[in-house]
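Hi,

Here is the structure I promised to pass on. Have a look at it first, and then read my notes below.

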Amino acid sequence: MLQRIGFFHFGAEDKTHPVRSLIRALERSIEDHGDRYVEDALIVLPEAFNIRTTYNNDPPIPTPSYDPGVKACLRMIAAEFRVVFVAGLIVEESAEQARPFSSAYFLGAHTCKLLARKRWGDQMAGRLYASCEEWPSVPYLHDDETAVAALICIDAQQYRKPEGPPEPCNPEHAALRKRIDETKALRKILCVPANLKNLLETDIESAWQDMDLVVANSSAEKCVSVIKMRNGMRRDEPGKLNKVVVEQLDQTIQDANARQATHDLNASLTVTSVDSNW
């Protein structure tokens with residue numbers, strides 16, 4: 001059962017070894033806060049976590065990595081640290097696509113579930129990734145009491161243009177809320193892998209006050225990551241550092257029968273190696 005939610009704040013300018021940076025940040029968090037700091041946590045990783053270059057480089061230098069092997073690396077790390085991830089990844093799925101989709105995956109020791117594809121294109125659409133309006137975001141029922149959903153970066157905004165006359169409300173929000181409600185989960189978590197230089201100027205936090213919200217950011221400018229829970233707790237992390245931050249979930253939601261026989265957090269896998277190139 002999930003005990004904590006949090007983010008990997010990927011604020012450092014060097015993005016060339018994302019997996020190595022994540023492992024170091026996890027290890028530092030345990031050194032600073034104790035052996036069980038991240039145990040049983042859901043940790044959100046930023047948008048395009050794996051590309052090994054700065055998101056807004058145009059053309060991207062170095063050439064971005066679309067290697068799908070990063071998913072296996074993250075699953076091994078999930079097993080070692082007894083966590084699960086919602087990761088924003090741009091990975092090759094078909095050699096026929098000129099650019100892969102920007103996607104969000106739920107990754108655990110025994111789990112790999114596609115949660116969302118980025119629908120609204122930003123300045124890097126068509127250059128770094130392909131937007132995809134056809135694929136609907138779907139929640140993952142992690143256990144009987146917890147539904148985990150994701151929207152990528154600007155897709156989590158209620159209005160496409162926060163300045164000036166607002167465009168109509170994002171229609172995908174209502175559809176996703178309906179899908180989450182249909183799971184009958186008591187706890188609802190929205191994960192937002194992002195690359196936003198102006199998070200605090202968007203309406204993302206106000207648009208999702210009815211859910212526990214995590215935004216993981218990797219912007220090279222004005223980078224802020226946020227945890228905001230329904231009970232009013234809020235924690236943010238600004239700056240150009242790499243840091244894992246988690247917060248305890250509200251434990252008033254209990255269900256003694258909410259267990260999965262192959263629960264990701266009870267995984268017995270042992271990590272033997274992670275590709276050092278990452």
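A quick definition to start: helices (H or I, at least four residues) and strands (E, at least two) are DSSP runs, numbered from the N terminus. By that rule, Arg 117 lies in strand E5.

Before the rest, some ground rules. This is a predicted model, in which local features need pLDDT of at least 70 and side-chain atom pairs count only at pLDDT 80 or more, while totals for chains, interfaces and linings use all residues. Residues are numbered from 1 along each chain as its sequence is written, and side-chain values use heavy atoms, with hydrogens and water left out.

**The sheet**

Two strands pair if DSSP finds at least two bridges between them. Six strands make up an open sheet with mixed pairing, in the order E5-E4-E3-E2-E1-E12. E5 (111-117) and E12 (242-248) stand at the edges with a single partner strand each, so one side of each has no neighbour in the sheet. E1 (residues 4-10) and E12 run antiparallel and are joined by seven bridges; in E12, Asn 242 is the bridge partner of Phe 10.

**Around Arg 117**

Back to that arginine. Is Arg 117 buried or exposed? Arg 117 counts as buried, because its relative accessibility is 9% (buried means under 20% relative accessible area, exposed over 50%, partly exposed in between, with a 1.4 Å probe and protein chains only). Its side chain makes a polar contact of 2.9 Å with that of Ser 103 (a pair of N or O atoms within 3.5 Å; within protein, one must be able to donate a hydrogen and the other to accept it, and residues adjacent in sequence count only if both atoms are side-chain atoms). The charged end of Arg 117 also sits over the ring of Trp 135, 5.8 Å from its centre (the rule asks for NZ of Lys or CZ of Arg within 6 Å of the ring centre and within 35 degrees of the ring normal).

**Rings**

Rings of Phe, Tyr and Trp (its six-membered ring) pair if their centres lie within 6.5 Å; planes under 30 degrees apart count as stacked, over 60 as edge-to-face and the rest as tilted. The count comes to four aromatic pairs. In one of them, the ring centres of Phe 106 and Tyr 140 are 4.5 Å apart and the planes are at 50°, so this pair is tilted. Phe 106 is in strand E4 and Tyr 140 in strand E6 (residues 140-143), 34 residues apart, and both are buried. Ring pairs also link Phe 8, Phe 10 and Phe 49 into a cluster. The charged end of Lys 15 sits over the ring of Phe 10, 4.3 Å from its centre.

Cheers
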